[in-house]
Amino acid sequence: MITGNLRRHAIASQVYRTLTRPSFPARLHGTRWLSAASTDVPPVTDTNRAEVSLKRFWKSVGIERRGDSLTVTLDKRALKTPGGQVLLLPSNKALPASLIAAEWDHQETLIKPHALPMTSIVSRAVDAMADEKTRADVRDALVKFIHTDTVCFFHDNPEPLERLQNKHWTPLLEWARKAFDIKIDVSNSIMSVRQPAETQAKLEKVIESFDQWEMAALERATYATKSLIIALALVKKHLSVEDAALAATVEVNSQIERWGEVEDTHDVDYHDIRRQLGSAACLLSTV
């Protein structure tokens with residue numbers, strides 16, 4: 001018989017491993033997602049994890065003020081991040097706190113890890129992006145996307161692809177060149193185009209100024225879209241979530257125009273990219 005605390009710990013561990021595996025290949029140790037009052041639990045073995053189903057174990061969800069910060073509570077216990085820290089948000093991030101509370105409140109009989117995007121991105125910001133070394137590692141990984149950026153590879157045909165590239169990518173490239181005073185080369189082949197070293201250096205300087213919340217948003221948006229330029233446009237609020245999603249799915253949308261939508265594939269991807277980008281945008285809210 002598994003104790004209540006062990007059950008909560010095992011459920012939380014499963015949710016974390018399924019949901020918050022960082023897109024950047026850093027690994028967080030001692031992953032826990034416990035309430036603040038739940039400590040000193042027995043070790044969680046693979047056997048125990050397998051025996052525990054992902055079922056809701058809390059009755060109420062709330063938001064509390066802790067000093068100058070906000071935290072989300074389950075049955076009056078503060079959520080903890082996978083790294084073991086209380087999930088605290090600045091007082092000016094009431095919207096992200098409300099969205100996290102809604103995510104947990106909307107879980108019904110079974111926990112649905114994909115329905116916790118705000119929880120995962122805030123945990124990433126708190127656990128990883130508050131550390132300067134981790135931010136530097138993430139920054140180094142993300143800036144390299146400029147050399148393989150989705151929006152830098154154009155094709156002259158078919159017509160729907162060419163039209164959507166010109167509609168969504170060309171204005172975005174013009175914005176990036178002016179906003180960051182950089183040169184961006186494009187390619188008409190599948191071969192990688194190496195951007196100038198000065199371009200990478202300038203973008204590194206831009207990203208160095210980002211705080212932990214902007215870094216977490218940039219990381220998620222870059223990995224979701226395979227484009228540093230789209231991610232920067234979203235973080236800098238040049239693109240809306242919808243416009244960023246459309247820019248990221250130009251090739252897919254051109255295929256849908258020609259051959260139609262594949263059920264349970266294109267429709268799922270449609271919502272997934274907007275969920276990922278939406279969580280990144282909401283994280284930056286200061287409401």
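Strand S2 is joined to strand S4 (residues 88–90) by three bridges, and the two run antiparallel; strands here are DSSP runs of E with at least two residues, helices are runs of H or I with at least four, and both are numbered from the N terminus. Two strands are taken to pair if DSSP finds at least two bridges between them. Across this pairing, leucine 70 stands opposite leucine 89 in S4. The model is a predicted one, in which local features need pLDDT of at least 70 and side-chain atom pairs count only at pLDDT 80 or more, while totals for chains, interfaces and linings use all residues. Residues are numbered from 1 along each chain as its sequence is written, and side-chain values use heavy atoms, with hydrogens and water left out.

S2 also has other partners. Six bridges connect S2 to strand S1 (residues 61–66) in an antiparallel arrangement, with arginine 66 bridged to serine 69 of S2. S1 and S2 make a hairpin with two residues between them, and glycine 67 in that turn has a positive phi of about 65°. On to strand S3 (residues 77–78), S2 runs antiparallel with two bridges, and leucine 74 has arginine 77 as its bridge partner in S3. This hairpin, too, has two residues between its strands, and aspartate 75 in the turn shows a positive phi of about 50°.

How enclosed is strand S2? Six of the six residues of S2 (residues 69–74) are buried, so the strand is largely enclosed by the rest of the structure; buried means under 20% relative accessible area, exposed over 50%, and partly exposed in between, with a 1.4 Å probe and protein chains only. In a regular strand the side chains alternate between the two faces of the sheet. Here Ser69, Thr71 and Thr73 point one way, whereas Leu70, Val72 and Leu74 point the other way.

Turning to the rings, the structure holds five aromatic pairs. Rings of Phe, Tyr and Trp (its six-membered ring) pair if their centres lie within 6.5 Å, with planes under 30 degrees apart counted as stacked, over 60 as edge-to-face and the rest as tilted. The rings of phenylalanine 145 and tyrosine 223 have centres 5.4 Å apart and planes at 75°, so this pair is edge-to-face. Phenylalanine 145 lies in the loop between helix H5 (132–143) and helix H6 (159–168) and tyrosine 223 in helix H9 (residues 212–225), so the pair ties together parts that are 78 residues apart in sequence. Phenylalanine 145 is buried, at 16% relative accessible area.
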